[in-house]
Amino acid sequence: MEERKGFGSNFGFLMAAVGSAVGLGNIWGFPNKMGASGGFTFLIIYLILAVICGFIVMLGELALGRKTGKGAVAAYHAISKRFKWVGWLGVASAFLIMSFYCALGGYCIKYVVLNVGNLFGTGFGSNGMNGGDVFGAFLTNQSEGVIYGLIFVVLTMLIVMGGVSGGIEKFCGIGMPALFVMLLICIIRACTLPGAVNGLKYMFVPGWAVANGVIAEAPSIFEVISTAGGQMFFSLSIGMGAMITYGSYLDKKEHLEKNAVLIIVMDTLVALMAGLCVMPARFALDPEGPIGGPKLLFITMQNVFDSMDGAIGPIFGIIFYLLVVLAAVSSSISLLETVVAHFVDKAREEGKGDRRKKYSLIASILIALLCVLVCVDGLGSNGIAPWELLKLDGYKGWSDCWLDFFDMISEGVFMPLGGLLMTLMIGWEIGPEVVKNECEATEGHKMSSYPFFKVCCKYITPLCMLLILYGQLKSFFG
Ligand code: PHE
């Protein structure tokens with residue numbers, strides 16, 4: 001049997017895992033949710049949840065992956081009787097998330113091109129239109145949306161075809177530090193704009209958003225907890241097997257606990273940094289613009305760049321959208337790898353050799369089909385939104401567009417459910433000592449968080465997960 005090749009170094013693993021975690025959610029989700037849900041108060045609740053849920057599920061997944069040396073599907077199969085099928089839930093989540101992630105990743109590429117056009121004054125720039133009109137025209141130009149979405153799918157596929165160390169590790173080893181530098185450059189520009197301080201106040205000062213009319217009323221504490229929980233889950237890429245898959249490629253001599261903490265700290269740091277970039281810019285240069293979600297990224301931020309003098313705007317536009325492309329690609333490769341790893345492992349075990357290229361191609365074609373649907377829908381602009389096709393008039397919100405529909409199933413249901421089932425499996429079926437033994441697989445490694453891990457895994461985390469699941473469903477259906 002061919003050897004199963006993993007990450008070449010712990011740095012490579014860390015960059016890949018952080019790359020998976022750092023994504024679109026950090027940029028358009030976290031800063032806005034923090035501002036609208038109580039500033040610092042939100043941050044503290046987020047951090048508490050990251051410790052009692054995020055850390056537990058992250059460590060559990062990494063340990064499960066490394067112990068079994070298998071992707072999500074086979075890992076659950078190997079280790080559990082009752083939860084055998086949970087890996088498939090992860091694969092399904094990966095497919096659904098990929099469908100809209102690739103569409104949005106494609107939009108980001110389009111905006112890099114748009115700003116290049118603006119820089120050189122060519123026809124493929126904004127041509128004097130404002131951000132809202134540019135985005136509106138793009139959404140209704142279905143073939144353009146599809147082309148960019150497919151470019152993003154192909155990019156993801158090529159990297160995954162390159163393998164774990166040759167493709168994913170190489171890309172993230174360069175891409176993540178580059179993203180960090182570009183983000184720093186954008187933060188310096190944003191925070192030195194006149195009026196930037198309002199963005200900082202919005203993000204950090206509890207109650208500022210309500211007092212200044214940015215949002216109508218303050219959310220209840222329950223809403224804050226469920227918003228923070230849902231955001232944390234999606235942002236850390238947990239509950240759907242990506243971290244099981246990456247953990248399975250990690251060398252036994254590496255420290256699991258340390259890596260889990262580092263991934264969480266870095267992801268939160270980048271989310272805060274993204275806030276320091278987008279919020280000051282929005283409040284300084286487009287104070288009426290949308291403040292969260294895709295519209296923040298593609299309307300407000302484009303207006304921000306358009307209102308900067310001369311070539312500076314397009315140059316910052318190119319830097320900003322490139323960094324978002326990097327964040328999106330490094331997340332989407334972890335999603336595709338979650339799907340592909342299972343089939344590659346199976347082929348290798350059956351002695352058929354490494355069929356990575358073939359399976360990456362097949363999975364990408366299936367993902368491309370869903371991605372085309374999301375692109376043609378253009379965030380519900382083109383009359384084929386789920387509620388229109390499925391006659392769900394009473395259920396607007398999550399059925400307004402295919403992106404929200406797939407997001408609701410994956411982020412709203414499958415991911416928190418996957419996390420809940422995993423903690424139940426570790427806590428009550430296989431026992432938390434399995435994770436301890438894996439963390440201590442190398443001489444001298446001690447799992448210092450074990451007593452904490454054990455209590456959380458059995459009682460605290462599953463309860464929080466239920467609460468998050470309930471909150472997520474309520475936010476989609478409420
Ligand atoms: N963590 C990514 C983000 O914040 C999304 C993601 C979820 C990536 C699940 C991989 C797996 O955007």
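Me: Buried means under 20% relative accessible area, exposed over 50%, and partly exposed in between (1.4 Å probe, protein chains only). What is the relative accessibility of Glu 438?

Reply: This is a predicted model: local features need pLDDT of at least 70, side-chain atom pairs pLDDT 80 or more, and totals for chains, interfaces and linings use all residues. Residues are numbered from 1 along each chain as its sequence is written, and side-chain values use heavy atoms, without hydrogens or water. Glu 438 counts as buried because its relative accessibility is 6%.

Me: Which residue meets Glu 438 in a salt bridge of 2.8 Å, N to O?

Reply: A salt bridge needs a side-chain nitrogen of Lys or Arg within 4 Å of a carboxyl oxygen of Asp or Glu. At 2.8 Å, N to O, the partner of Glu 438 is the side chain of Arg 66.

Me: How many residues apart in sequence are the parts that Arg 66 and Glu 438 tie together?

Reply: Helices are DSSP runs of H or I, at least four residues, numbered from the N terminus. Both Arg 66 and Glu 438 are buried. Arg 66 belongs to helix 3 (residues 40-68) and Glu 438 to helix 19 (residues 433-439), so the separation bridged by the pair is 372 residues.

Me: Is Lys 252 buried or partly exposed?

Reply: The side chain of Lys 252 forms a salt bridge with Glu 438 at 2.9 Å, N to O. Glu 438 lies in helix 19 and Lys 252 in the loop between helix 12 (242-248) and helix 13 (256-285), so this pair joins parts 186 residues apart in sequence. Because its relative accessible area is 37%, Lys 252 is partly exposed.

Me: Which residue is linked with Asp 345 and Arg 348 in a network of salt bridges?

Reply: Arg 348 and Asp 345 are both in helix 15 (residues 312-349), 3 residues apart, about one turn of the helix. Their closest N and O atoms are 3.2 Å apart, forming a salt bridge, and both residues are buried. The network that holds Asp 345 and Arg 348 also includes Arg 4.

Me: How many salt bridges does the structure hold?

Reply: Among them are the pair of Arg 66 with Glu 438 and the pair of Arg 348 with Asp 345. The total for the structure is 10.

Me: What distance separates the C-alpha atoms of Ala 228 and Ile 45?

Reply: Ala 228 is in helix 11 (residues 221-235) and is buried, at a relative accessible area of 0%. Beyond its neighbours within four places in sequence, Ala 228 is in contact (heavy atoms within 4.5 Å) with Phe 42, Ile 45, Tyr 46 and Leu 49. Ala 228 and Ile 45 are 183 residues apart along the chain, and the distance between their C-alpha atoms is 7.0 Å.

Conventions. Helices (H or I, at least four residues) and strands (E, at least two) are DSSP runs, numbered from the N terminus.
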